[in-house]
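Please read this briefing alongside the sequence and the structure, which are shown just below. The notes are grouped by topic for a reader who is meeting the structure here.

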Amino acid sequence: MFLGTVVPEAHRLRALMDQGVLPRDLYVAMGSVGAIPYYSGVRTLDKVGLTDAHVAHSPVTRRRLMAHDKDATIEYARDRGVDLWTYDPVHLLMSVHARRMLVAIRDALVEGKDGWVAPLSDTEYVLCRLP
């Protein structure tokens, strides 16, 4: 079921890069660096450190699943030249009706958190933070 959402997104990212909507050298920080980078070819920084030695050797930030208890910082991403930091742990592309989109709007209005949204169509958006 999980691959049912990420593989189409990966193909969509690839198409957006092929069309010149997103740059071919796009560098994205995300928490899931499996199917999306594999199928899209987008360069990724692993926010939980499974494929990034710096993050993997950083201190534990919270107790979660084994090997998922560390987090990259947005400052580290900035230093590495990351373009987009996913707002959602996995997805960069969001439907206007997605729960995560509504959470991002609430976070901005109520908690003052930053986020960036760029329309790709009437119903599809890039939702991220900018390092």
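**Salt bridges, a pocket and a surface patch**

In this predicted model, R12 and E124 form a salt bridge in which the closest N and O atoms are 2.8 Å apart. This pair links distant parts of the chain, since R12 lies in helix α1 (residues 3–18) and E124 in strand β6 (residues 124–129), 112 residues apart. R12 counts as partly exposed at 27% relative accessibility, whereas E124, at 17%, counts as buried.

**Other salt bridges**

- The count of salt bridges comes to eight, and one network of them links R106, D107, E111 and K113.
- R14 forms a salt bridge with D18, with 3.2 Å between the closest N and O atoms; because they are four residues apart in helix α1, about one helical turn separates them.
- D114 forms a salt bridge with R129, the closest N and O atoms being 3.0 Å apart, and this pair joins the loop between α5 and β5 (116–119) to strand β6 across 15 residues.
- D114 is partly exposed at 40% relative accessibility, and R129 is partly exposed at 26%.

**The second largest pocket**

- The second largest pocket holds about 180 Å³ of space, and its lining includes D107, K113, D114 and R129.
- Helix α5 (99–111) and strand β3 (84–86) each give two or more residues to this lining, and the largest share, three residues, comes from α5.
- The lining residues divide into six charged, three nonpolar and one polar.

**A nonpolar surface patch**

- L102, I105, L109 and V110 form a nonpolar patch on the surface, with about 440 Å² of accessible area together.
- V110 lies in helix α5 and is exposed, with a relative accessible area of 65%.

Terms used: Residues numbered from 1 in each chain as written. Predicted model: local features only at pLDDT ≥ 70, side-chain atom pairs only at ≥ 80, totals over all residues. Heavy atoms only, no water. 1 Å grid on protein atoms, 1.4 Å probe; cavity = no way out; pocket = protein on both sides within 12 Å on 5 of 7 lines; lining within 4 Å. Points joined across faces, edges and corners; volume = space filled by probe spheres on them. Nonpolar A, V, L, I, M, F, W, Y, C, P; charged D, E, K, R; others polar. Patch = residues over 30% accessible without salt bridge, like charges linked within 9 Å, V, L, I, M, F, W, Y side chains within 5 Å. Areas by Shrake-Rupley, 256 points an atom, 1.4 Å probe, with all protein chains shown as cover. Salt bridge = Lys/Arg side-chain N within 4 Å of Asp/Glu carboxyl O. Buried < 20%, exposed > 50% of the residue type's maximum accessible area, 1.4 Å probe, protein only.
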